[in-house]
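Hi,

My notes follow below it.

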Amino acid sequence: QVQLVESGGGLVQAGGSLRLSCAASGSIFSINAMGWYRQAPGKQRELVAVITSGGSTNYADSGKGRFTISRANAKNTVYLQMNSLKPEDTAVYYCKVELYSGDDYKYLEVWGQGTLVTVSS
């Protein structure tokens, strides 16, 4: 069983910053890609940023230059630093981790429970 625990969401004024964290725990053999997605009210879930096991990153155009994804492999944790936040960044942010389980070496895609980010104008 693998679980993801997210933290760091909240209410911030436009132009402010937040740092999201997502820690994976449980029976883990190895972690491949880790990513952040978001879902705004009435909209589909969309990719925000992803980071591979080798450290390569990819960002949605909406976050380029403002968001930075990073990971701490020793902690099985992925971060999303969000700067210059805009009201349109308001959404529930979810992390997703692609991994191989430690007990039966199964490939899994695990989602976090989501953390709400609200940016006021």
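The model has one disulfide, counting any pair of cysteine sulfur atoms within 2.5 Å. The bond joins C22 to C95, with S to S at 2.0 Å. C22 lies in strand β3 (residues 18-26) and C95 in strand β9 (residues 91-101), 73 residues apart. Strands here are DSSP E runs of at least two residues, numbered from the N terminus. The S-S torsion is about 50 degrees, so this disulfide is right-handed. Both cysteines, C22 and C95, are buried, meaning under 20% relative accessible area (1.4 Å probe, protein chains only).

This is a predicted model: local features need pLDDT of at least 70, side-chain atom pairs count only at pLDDT 80 or more, and totals for chains, interfaces and linings use all residues. Residues are numbered from 1 along each chain as its sequence is written, and side-chain values use heavy atoms, without hydrogens or water.

Next, the hairpins. β4 (residues 28-39) and β5 (residues 46-51) pair antiparallel over five bridges; pairing takes at least two DSSP bridges. Six residues separate these strands, and G42 has a positive phi near 75 degrees. β5 also runs antiparallel to β6 (residues 57-59), with three bridges. Five residues lie between β5 and β6, where G55 has a positive phi near 95 degrees. I51 is opposite M34 and also opposite T57.

Last, charges over rings. The cut-off is NZ of Lys or CZ of Arg within 6 Å of the ring centre and within 35 degrees of the ring normal. R19 sits over Y79, 4.0 Å from the ring centre. R45 lies over W111 at 4.6 Å.

Best wishes

Note on methods
Helix = DSSP H or I, 4+ residues; strand = E, 2+ residues; numbered from the N terminus. Buried < 20%, exposed > 50% of the residue type's maximum accessible area, 1.4 Å probe, protein only.
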